[in-house]
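Below are some notes for a colleague who has not looked at this structure before. They are set out as numbered points.

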Amino acid sequence: MRKVRERMNGAEVAGGISGVDAAEAKAPMPPGVRFGPVSFVWRPWLVLVTLVLAAAAFLIFCLSISVGDFPIGLSRVIATILGRGEQVDEFVVMDLRMPRALAGLVVGIALGVSGAITQSVARNPLASPDILGITAGAGAVAVFLVTATGGTAAAVTGSVGLPAAALFGGLGTGLLVYFLAWRRGVDGFRLILIGISVTAVMQAITTWLLVSADIRDVARAQVWLVGSLDNRSWDEAGVAFWATLVLLAVVATVAFPFKPMHLGDDVAAGLGVRFGRVRAVLLLCAVLLAAVGVSAAGPVPFVALVAPQVAMRLARWPTPPLIASGLVGALLLTGSDLIARAALPIGLPVGVVTAVIGGPFLVYLLVRANLR
Amino acid sequence: MAAQFTARTDTGVKDVPRLAARDITVGYGDRTVIDQLDVAIPSGVITTIIGPNGCGKSTLLRTLTRLLKPTGGTVVLDGEDIGTLRTKDVAKKLGLLPQAPVAPEGLTVADLVARGRHPHQSWLRQWSSDDADVVRRALVMTGVADLADRTVDSLSGGQRQRVWISMTLAQGTDLLLLDEPTTYLDLAHAIDVLDLVDDLHESGCTVVMVLHDLNLAARYSDNLVVMRGGAVLAQGHPRDVITAELLHEAFGLRAKVIDDPVGDRPLIVPIGRAHVRTEL
């Protein structure tokens with residue numbers, strides 16, 4: 001040790017580890033990809049899983065367009081999307097089916113990424129927008145709009161009012177939960193407990209509105225409440241697409257300081273992360289992503305909860321990987337919609353299928369946690 | 001034997017402290033935990049903060065690392081007010097290991113230690129060859145290089161603590177602050193971790209830690225800061241500081257201080273009530 005110390009004193013760089021000879025060190029290191037000043041850790045498995053998921057999501061997206069009363073072959077769908085299709089297919093693909101498929105893809109990505117963020121921030125797999133009250137809040141406000149305004153506002157509620165109300169409700173409830181959970185910082189467990197309480201209140205309000213409303217309004221609200229991609233227009237799909245794109249760009253800018261936050265607030269702070277600010281930006285993005293998703297497709301259950309957990313297991317990654325979570329969300333939502341349309345009796349909304357897949361998965365997560 | 005001990009105690013105490021608290025007051029809400037406290041951390045030695053539960057030990061350590069912002073006074077790091085420095089710059093100078101940190105399940109040792117490079121990285125520069133070099137050295141220095149591919153959750157408590165210390169070393173700092181590094185460890189693992197801390201000190205690091213075990217604190221530190229009720233009661237070499245009177249004053253503990261049969265530091269024998277000879 002004395003020798004190490006002498007060598008240290010001669011060294012230019014201060015620091016306890018400069019005494020160790022790098023040549024002596026033979027520990028296996030993660031491989032790196034380096035071009036000039038740009039460098040990343042090379043994670044072959046994560047990259048492979050992400051690419052396969054992206055390909056699968058694109059395939060399901062095309063399949064979703066090809067299936068219907070007037071089936072169109074996959075190759076023709078792809079040709080039409082690339083702008084080299086025939087006139088006949090153009091109308092069905094681009095005008096009739098594309099908005100629905102695109103909405104499924106975008107909403108799936110938004111919900112998946114939103115869940116990955118909330119689960120990472122709270123360091124708890126149960127902390128998804130469904131549990132934190134965002135979805136329930138969006139539902140309550142949307143149902144209020146449908147039932148309180150009644151048939152008179154039916155035209156408005158159809159295309160603009162309902163998504164706007166859902167967005168407003170989701171954002172408002174998300175902020176409410178965040179501020180209620182705030183006590184010199186946000187503790188994950190407290191966030192979940194308050195989220196569950198607020199969810200219960202919002203669901204009670206929704207139930208009360210439905211019970212006291214006109215039966216025709218109830219039917220309309222009910223369909224939306226389960227979560228559905230039926231009759232999406234280009235307007236709705238387009239708004240969701242651009243909003244999601246902007247939010248994902250914001251998430252990407254704070255993705256780097258977010259990395260050490262999986263180790264807890266104190267460790268992150270020790271590593272120079274201003275975690276309060278980073279967390280506030282990320283949670284706001286997560287709430288907005290979930291609200292955009294809900295406003296476009298209704299409160300589709302379980303996608304935000306399940307997608308990040310599936311992505312973690314597929315990618316063999318210790319925390320929910322953001323991109324892969326979004327892609328699993330897209331696969332889950334578009335796939336469920338395809339099953340609901342093609343394989344099940346008519347008129348079943350996509351939310352029913354995601355619930356059937358997601359419910360058992362939640363039970364599996366809880367049982368697994370209990371067994372440990 | 002004796003010569004070796006003397007040689008060790010006079011190493012490295014330099015005149016200018018790298019880290020110091022000047023007249024700091026810290027509290028949570030209305031409750032003041034630390035009131036107008038002054039303390040300087042001597043460079044090149046191990047300083048251990050001891051004191052009864054709730055005396056503000058951890059609060060002081062957290063304030064020194066700027067996890068807590070003092071309501072009055074300043075913390076000075078290398079001559080500058082720590083509150084005016086960029087968080088990333090502080091992280092390059094000062095490594096912090098919080099109490100009982102938890103890594104996500106499935107995270108590998110190499111990946112955890114690599115996180116220590118965060119203050120030196122940016123969005124586009126996430127894994128330079130320098131980073132890999134420093135991480136490798138940090139792993140070797142803490143004796144966990146063989147565990148690099150294992151997951152952190154599969155390790156024993158002592159190994160896990162070595163890995164976390166390795167992560168703070170990878171920050172490239174020679175100023176380490178450890179908040180109760182031996183919590184939840186059995187005595188053998190605690191000794192193992194403290195021997196590592198001593199190795200780091202030998203190689204030039206300045207260490208500040210909070211410990212509960214007074215005998216381990218006396219054995220492994222060159223400088224003790226004894227706190228009570230948010231104030232510094234005594235500070236100095238364990239041989240000068242640890243007396244029966246001080247232990248009674250700080251902890252309300254009745255104890256006998258004897259010569260350590262295996263070292264040159266004082267050994268505290270608490271008296272208590274059970275199985276004690278009547279003449280005491």
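This is a predicted model: local features need pLDDT of at least 70, side-chain atom pairs count only at pLDDT 80 or more; totals for chains, interfaces and linings use all residues.

1. Is A:D130 buried or exposed? A:D130 has 28 other C-beta atoms within 10 Å and is therefore buried, since a residue counts as buried with 20 or more. A:R184 comes 54 residues away from A:D130 along the chain, and the C-alpha atoms of the two are separated by 25 Å.

2. Of the 36 residues in helix 4 of chain A, 28 are buried, so the helix is mostly covered. Just after the helix, A:R123 has a positive phi of about 55°.

3. Two other helices of chain A pack against each other: helix 2 (residues 44–66) and helix 3 (residues 74–81). Their axes are 9 Å apart, at an angle of about 105°. Helix 2 and helix 3 of chain A are therefore roughly perpendicular to each other. On the side of helix 2, the residues that meet helix 3 are A:C62, A:L63, A:I65 and A:S66; their counterparts in helix 3 are A:L74, A:V77 and A:I78.

4. Chain A also has a hairpin, formed by strand 1 and strand 2 with two residues between them. Strand 1 (residues 32–35) and strand 2 (residues 38–41) of chain A pair in the antiparallel sense over four bridges. A:F35 has A:V38 in strand 2 as its bridge partner. In the turn, A:G36 has a positive phi of about 55°.

5. In chain B, six strands form an open sheet of mixed pairing, in the order 6-7-8-3-9-10. Strand 6 (95–97) and strand 10 (231–236) of chain B are at the edges; each has a single partner strand, so one side of each has no neighbour in the sheet. On average, neighbouring strands of this sheet are turned by 15° against each other, direction ignored.

6. At one edge of the sheet, strand 6 of chain B pairs with strand 7 (residues 175–179) of chain B in the parallel sense, over three bridges. Within this pair, B:G95 has B:L176 in strand 7 as its bridge partner. Helix 2 (residues 57–64) of chain B packs on the sheet and touches strand 3 (46–50), strand 7, strand 8 (206–210) and strand 9 (223–228) of chain B. Helix 7 (residues 187–202) of chain B also packs on the sheet, touching strand 3, strand 7 and strand 8 of chain B. With the direction of strand 8 of chain B, helix 2 makes about 145° and helix 7 about 150°.

7. The two chains meet through 53 residues of chain B and 40 residues of chain A. On the chain B side, helix 3 (87–93), strand 6, helix 4 (109–115), helix 5 (129–141) and helix 7 each supply at least two residues. Helix 5 of chain B gives the most to this side, with eleven residues.

Terms used. Residues are numbered from 1 along each chain as its sequence is written. Chains are lettered from A and ligands numbered from 1 in the order in which they are written. Two strands pair if DSSP finds at least two bridges between them. A residue is buried if 20 or more other C-beta atoms lie within 10 Å of its own, exposed if 12 or fewer, and partly exposed in between; C-beta atoms are placed from the backbone. Axes are lines fitted to C-alpha atoms, for helices over the stretch in contact, and angles run from 0 to 180 degrees between N-to-C directions. Two residues are in contact if their C-beta atoms, placed from the backbone, lie within 7 Å. Angles under 35 degrees count as roughly parallel, over 145 as roughly antiparallel, 65 to 115 as roughly perpendicular and the rest as oblique.
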